[in-house]
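Please keep the structure in view while going through them.

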Amino acid sequence: MFENLQAPAADKILALMQMFRDDPRDTKIDLGVGVYKDATGNTPVMRAVKAAEQQLVDEQMTKAYTGLAGDPAFADAMIDLVLGGIVARDRIAAVATPGGTGAIRQALEFINRASPDATVWISNPTWPNHPSIIKYLGMKMFEYRYFDEDTRGVDFDGMMADLAPIATGDVVLLHGCCHNPTGANLTLDQWGKVIALVKDRGAVPMIDIAYQGFGDGLADDAAATRMVAESFDEVLIAASCSKNFGVYRERTGILMAIGRNPQEAKLAQGNLAFLNRQNYSFPPDHGARVVTTILNDPKLRADWEAELEATRLGMLELRQQLADELKRLTNSDRFAFIAQHRGMFSRLGTTPEKVEQLRVEHGIYMVSDSRLNIAGLNAQTVPILARAIVAVGI
Ligand code: LMR
């Protein structure tokens with residue numbers, strides 16, 4: 001039977017990771033996959049994570065199964081981190097998932113179960129795995145404009161025009177903060193307008209929040225998600241701990257489903273647990289338990305927040321350095337948007353050919369849509385990148 005298989009289309013982010021590994025040049029610079037790196041190029045285990053893991057090694061007495069939804073304490077801690085108490089707990093169903101991707105997959109399967117004809121609206125561009133999973137599940141999908149290639153900001157008029165025809169029961173997928181791949185984000189005022197439109201049409205918002213704490217801070221990055229959560233009867237929220245806790249390989253995420261009332265939340269909870277059971281039975285626990293330990297221990301939490309904040313400020317500084325260097329070299333403000341963008345990424349807004357040229361001639365790796373990982377830079381590589389951008393004529 002295997003001969004019937006077709007090779008799946010390569011994921012462009014993962015293909016780039018492999019190309020980088022295969023490149024023998026020691027001057028190569030990886031600005032591809034969204035993984036935080038410190039100034040030495042290392043992706044550190046955060047201090048609070050190490051301490052929590054040590055605590056688990058010392059104190060954990062069993063590795064027996066948790067529940068199908070994962071540890072309830074993880075759900076409580078994450079709901080509080082993301083929603084800050086804005087929605088009554090008994091309206092929220094939640095399951096632990098293998099990473100943010102697991103949460104997105106479960107959210108889409110949940111939608112498919114509840115409303116198989118629903119159309120999912122995604123931003124153009126978005127994280128490539130969004131359309132990939134939607135298509136894989138055979139669901140209907142439309143794109144809405146999001147990025148303005150000229151200003152490198154949000155094309156808000158285009159977004160609102162494209163979302164105008166959404167129908168009752170459609171699902172609008174929005175990035176809670178730090179839009180991937182562009183780094184361009186809606187203002188809270190614009191969020192208000194999107195919320196009004198989606199509400200007016202009777203559509204359901206789905207939030208993907210994978211970078212809370214990487215943009216403007218833990219609370220500010222959750223502000224839009226909280227606005228959405230308090231504005232609708234039904235909301236789906238996929239949250240990832242991969243980046244803000246640096247637990248990428250532990251696969252730690254959560255799907256929250258806010259329902260109209262406690263009865264419907266209970267129904268949602270049963271369906272989410274069922275979906276976990278069908279797909280992988282019990283969700284991974286180690287990363288979730290580490291996160292819970294940190295969030296519930298004031299000292300560990302303070303240390304985690306401090307390290308996360310330092311990470312965030314470091315990325316902002318790199319953004320500013322790159323924008324300044326490009327201003328100096330080009331004698332223009334063309335690249336000022338890099339300092340305005342938030343999160344791990346910025347989209348340069350250039351052609352795949354120029355991106356290819358950066359890779360071939362300068363050993364600089366970024367995703368073909370010209371997304372660059374700011375956290376892949378350091379004080380030494382910022383001027384190298386700036387010179388290369390000018391050299392290839394971006
Ligand atoms: C990214 O966008 O680079 C990350 O979310 C990693 C991934 O899985 O694609």
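How many salt bridges are there between domain 1 and domain 2?

1. The model is predicted. The domain assignment divides the chain into domain 1, which consists of 11-45 together with 312-391, and domain 2, which covers 65-296. Taken over C-alpha atoms, the centres of domain 1 and domain 2 are 27 Å apart.

2. The two domains touch each other: 20 residues of domain 1 are in contact with 22 residues of domain 2. The size of an interface is often given as the accessible area lost when the parts come together. For domain 1 and domain 2, the area buried between them is about 1800 Å², and 56% of it lies on carbon and sulfur atoms.

3. Arg 312, Arg 342 and Arg 347 contribute 34% of the area that domain 1 buries against domain 2, more than any other three residues.

4. The opening question can now be answered: the count between domain 1 and domain 2 is two salt bridges. Arg 342 also forms a salt bridge with Asp 216, in which the closest N and O atoms are 2.9 Å apart.

5. A separate matter is the start of the chain. Phe 2 is found in the segment before helix H1 (12-22). With a relative accessible area of 66%, Phe 2 is exposed. Together with Met 1 and Leu 5, Phe 2 forms a nonpolar patch on the surface. The accessible area of Met 1, Phe 2 and Leu 5 together is about 460 Å².

Definitions and conventions. Residues are numbered from 1 along each chain as its sequence is written. This is a predicted model: local features need pLDDT of at least 70, side-chain atom pairs count only at pLDDT 80 or more; totals for chains, interfaces and linings use all residues. Side-chain values use heavy atoms; hydrogens and water are left out. Patches are made of residues with over 30% relative accessible area and no salt bridge: like charges are joined within 9 Å, nonpolar side chains (Val, Leu, Ile, Met, Phe, Trp, Tyr) within 5 Å. Accessible areas come from the Shrake-Rupley method with a 1.4 Å probe; for residues, only the protein chains shown count as cover. A salt bridge is a side-chain nitrogen of Lys or Arg within 4 Å of a carboxyl oxygen of Asp or Glu. Helices (H or I, at least four residues) and strands (E, at least two) are DSSP runs, numbered from the N terminus. Buried means under 20% relative accessible area, exposed over 50%, partly exposed in between (1.4 Å probe, protein chains only). Domain bounds come from an automatic or database domain assignment. Contact means heavy atoms within 4.5 Å. Buried area is the accessible area (1.4 Å probe) that two parts lose on being put together, summed over both.
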